[in-house]
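Q: Could we go through the ligand site in this model together?

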Amino acid sequence: MVSHRHPNSLEEALETLKNEPCHIVGGGSDLWVKNRSWANTPPAFKKTLLYLAHLESLKGIRKTDDSLIIGAMTPYETILNHPETPALLKACLYELASPAIRHVATLAGNIANASPAADAVLVLIALDATLEIQNHAFKRTVKVKDLIEGPGKTSLESRDLITSIRIPRRTFTHQTYKKVGGRKADAISKVAFAGGAVIKDGTVKHLSLALGAVNATVVRDEGVEKPYINQPLSKLKSEKEAFKKALSSSINPIDDQRSNALYRKKVALNMINRFIESL
Ligand SMILES: Cc1cc2nc3c(=O)[nH]c(=O)nc-3n(C[C@H](O)[C@H](O)[C@H](O)COP(=O)(O)OP(=O)(O)OC[C@H]3O[C@@H](n4cnc5c(N)ncnc54)[C@H](O)[C@@H]3O)c2cc1C
């Protein structure tokens, strides 16, 4: 038998998480697949299912002076249709899964599932997004990049709930999202890239480049980007090969049923190359 809870408030949800081990249910699109059982029997959940998608306090999108705050239970479809959603995130969500999945699935689920090929995670890291995490005792704020520790592994504890995602509002002068998969959408990425830059009067004001499915976690190295910030764009262009070489040591993909390491690495470096050339 599968047990489940439908709390009436966020406080009740946090109290439930404190008292019993639960699977938090976002859209269920990863959870159901991971816990499937065969021969048409119901999924084999070992923990109580905690349904939260009905809680309005965890849904919706609001704007502050410097950020966009997305409630953890807001489905992709709503995010995709919102006028304030950053174009880079829209480009990603448009190719993520299918309309049916996007009707229910969430950013919080993509993050907590921590797949190395999670497409939205890649873009959120390129956008410097942070998460608000709550449990019955306290709240904390964590960068998306710092939460994910490895394939399927995060620093979330069993009592923790991601309540919202905060994306700094920034207007890129150049941005690109590219997903390489077996087909345009509804396919797991072989490799994916998100790049954003702010170039003003020939100077690099901001640079963020992130690669997915080429290591155990998303590859973004701010140490490689930093020497080019507030520097002439010509420096980045002339040192493009050195830039790629510096990132190259973090690009360590695997061979699997979708692709192989050689192809993934080559494509990843080509995407960085093309992005720098486009600036
Ligand atoms: C057909 C199909 C196609 C897909 N295509 C893609 C694709 O192209 N790209 C891609 O990246 N993914 C894809 N996915 C995977 C999946 O849809 C996404 O990862 C999605 O974002 C998961 O969100 P969800 O809300 O459904 O998560 P759920 O399945 O509800 O949850 C996933 C995990 O996150 C935890 N969780 C959920 N919400 C919270 C929260 N608020 N706080 C803490 N933990 C939480 C759950 O307990 C669970 O462990 C696909 C899946 C399917 C079935």
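This is a predicted model: local features need pLDDT of at least 70, side-chain atom pairs count only at pLDDT 80 or more; totals for chains, interfaces and linings use all residues.

Q: Let us begin with Asn110: how far does its polar side-chain atom lie from an oxygen atom of the ligand?
A: The distance is 2.8 Å, from a polar side-chain atom of Asn110 to an oxygen atom of the ligand.

Q: And what about the backbone of Gly26?
A: A polar backbone atom of Gly26 is 2.7 Å from an oxygen atom of the ligand. With Ile162, a backbone N or O atom lies 2.9 Å from a nitrogen atom of the ligand.

Q: How much of the accessible area of the ligand does the protein cover?
A: On its own the ligand has 990 Å² of accessible area, and the protein covers 86% of that. The ligand takes up the space of the largest pocket.

Q: How many residues surround the ligand, and which are the closest?
A: There are 30 residues around the ligand, and the closest are Ile24, Ser29, Asp30, Tyr76 and Thr106. By type, the shell has 18 nonpolar, 8 polar and 4 charged residues.

Q: Turning to secondary structure, which element gives the most to that shell?
A: Helix 6 does, with 5 residues. At least two residues each come from strand 2 (22-25), helix 2 (31-34), helix 6 (107-113) and strand 10 (161-168).

Q: Which domains does the shell draw on?
A: Domain 1 (4-168) and domain 2 (174-278) each provide at least three residues of the shell around the ligand.

Definitions and conventions: Residues are numbered from 1 along each chain as its sequence is written. Side-chain values use heavy atoms; hydrogens and water are left out. A residue is near a molecule or strand if one of its heavy atoms lies within 4 Å of it. A polar contact is a pair of N or O atoms within 3.5 Å; within protein, one must be able to donate a hydrogen and the other to accept it, and residues adjacent in sequence count only if both atoms are side-chain atoms. Accessible areas come from the Shrake-Rupley method with a 1.4 Å probe; for residues, only the protein chains shown count as cover. On a 1 Å grid over the protein atoms alone, a cavity is a set of points where a 1.4 Å probe fits but cannot get out, and a pocket is an open set with protein on both sides within 12 Å along at least five of seven lines; lining residues have an atom within 4 Å of a point. A molecule sits in a cavity or pocket if more than half of its atoms lie within 2 Å of its grid points. Helices (H or I, at least four residues) and strands (E, at least two) are DSSP runs, numbered from the N terminus. Ala, Val, Leu, Ile, Met, Phe, Trp, Tyr, Cys and Pro count as nonpolar, Asp, Glu, Lys and Arg as charged, and the others, Gly among them, as polar. Domain bounds come from an automatic or database domain assignment.
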